[in-house]
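Here is a short briefing for a first look at this protein. Keep the sequence and the 3D view open while you read.

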Amino acid sequence: MQAWRVHRNGEPGEVMRLEDTERPVPGEGQVALRVRAANINFPDALLCRGQYQVRPPLPFTPGLEICGETEDGRRVIAAPALPYGGLAEYVVADAAGLLSAPESLDDAEAAALHIGYQTGWFALHRRAHLQPGETLLVHAAAGGVGSAAVQLGKAAGATVIGVVGGQDKARVARELGCDVVVDRRTDDLVAAVKEATGGRGADVVYDPVGGDAFAKSAKCVAFEGRIVLVGFASGVIPSPPLSHALVKNYSLLGLHWGLYRTKDPAAVAGCHQELTALADRGAIKPLISERVPLKGAADAVQRVADGTTTGRVVVLPEGVTR
């Protein structure tokens, strides 16, 4: 089979190689899957750089989520077992972690329903307890993780303020349903949020960026607001003065969704049922900006790493749009 492999750490475009290799053999409790579509995540770039919390042995194949096909023809969503990631023609995955792919979504959309949407659902509902009528501020609203949070926030009945970088991403955020769009390159984020909320601030902040995004969020979060930290795509991990949270009476919440897979797998399955129901009634639909063949995967991972993409970029191993 063909698979992208990383033999040394570095930038994805420099260290990923498309190679012919043997198919991975399932271990105990695992199944073999044919990859129908593989979604690219920012952590794939971190894997290549050796900066992710999981560091598989070299050489490894990136790709953290797929829509795959079992030997008996079932379409499933899975997290491939590293070091045999999803940017390949075949993977192995834990049988207990397989999720049914919603019939309402095609392969590319199903591949993108997993990590980003699970993260958004757990962040907004399990951690922040977002309520109808509240205001949700979403950073990187036109990206893969942010776009999922925007849709989930709208489905929950929240007013959504999306923060983006540039006019093209602002257009995407509006199309996603953001009630207010703030261009961080040209707009005053704090002033815009306070204006949109009548001076109250955002009830919930969804932050996959960190750095300056967090610092500005702390200035415009509401009384009893909740800031949920889900990642640090900016590369800067903030060190907030906790006295500020005390004085303003807001909460800082962390979310590492991967822990739920080991600590509470039933919650992951329950979340997938919720997401499937939302997808089936059209309340959420992964934004697929590009569908690329397997040979284009390294360039795609690099562009996701560089922050130049919108929505999700999905790799189709057979190069078929589906």
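His129 lies in the loop between α4 and β8 (135-139); helices (H or I, at least four residues) and strands (E, at least two) are DSSP runs, numbered from the N terminus. The model is predicted: local features need pLDDT of at least 70, side-chain atom pairs count only at pLDDT 80 or more, and totals for chains, interfaces and linings use all residues. Residues are numbered from 1 along each chain as its sequence is written, and side-chain values use heavy atoms, with hydrogens and water left out.

- His129 is not a glycine, yet its phi is positive, about 50°.
- His129 is partly exposed, at 48% relative accessible area (buried means under 20%, exposed over 50%, partly exposed in between, with a 1.4 Å probe and protein chains only).
- Ala140 also has a positive phi, near 55°. This residue sits in the loop between β8 and α5 (144-155) and is partly exposed, at 35%.
- The peptide bond from Leu58 to Pro59 is cis, with omega near -10°. Pro59 belongs to the loop between α2 (42-49) and β4 (65-69).
- Another cis bond runs from Leu82 to Pro83, with omega near 20°. Pro83 is in the loop between β5 (75-78) and β6 (90-94).
- For context, most residues other than glycine have a negative phi, and most peptide bonds are trans.

**Helix α4**
- Thr119 is in helix α4 (residues 115-127). Its relative accessibility is 11%, so Thr119 counts as buried.
- A polar atom of the Thr119 side chain lies 2.7 Å from the backbone oxygen of Ile115.
- Not counting residues up to four places away in sequence, Thr119 touches Tyr206, Val230, Leu255 and Trp257 (contact means heavy atoms within 4.5 Å).

**Rings and charge**
- There are two aromatic pairs. Trp121 and Phe122 have ring centres 5.5 Å apart and planes at 80°, so this pair is edge-to-face. Rings of Phe, Tyr and Trp (its six-membered ring) pair if their centres lie within 6.5 Å; planes under 30 degrees apart count as stacked, over 60 as edge-to-face and the rest as tilted.
- Ring pairs join Trp121, Phe122 and Tyr260 in a cluster.
- Trp121 is buried at 16%, and Phe122 is buried at 0%.
- The charged end of Arg23 sits over the ring of Tyr90, 3.7 Å from its centre (the rule asks for NZ of Lys or CZ of Arg within 6 Å of the ring centre and within 35 degrees of the ring normal).

**Nonpolar cores**
- The largest nonpolar core has 86 residues, and Phe122 and Leu136 have the most contacts inside it. Such a core is a set of buried Ala, Val, Leu, Ile, Met, Phe, Trp, Tyr and Cys residues joined through side-chain atoms within 4.5 Å.
- A second, separate core of 18 residues includes Leu189, Cys220, Val221 and Leu229.

**Overall form**
- The protein has twelve helices and 15 strands.
- Its C-alpha trace spans about 60 × 40 × 35 Å along the principal axes.
- Buried residues make up 54% of the 322 residues.
- Gly198 is in the loop between α7 (189-196) and β11 (202-207). This glycine is exposed, at 72%.
- Gly198 and Tyr90 are 108 residues apart in sequence and 53 Å apart in space, C-alpha to C-alpha.

Notes:
Polar contact = N/O pair within 3.5 Å; in protein donor to acceptor, adjacent residues only side chain to side chain.
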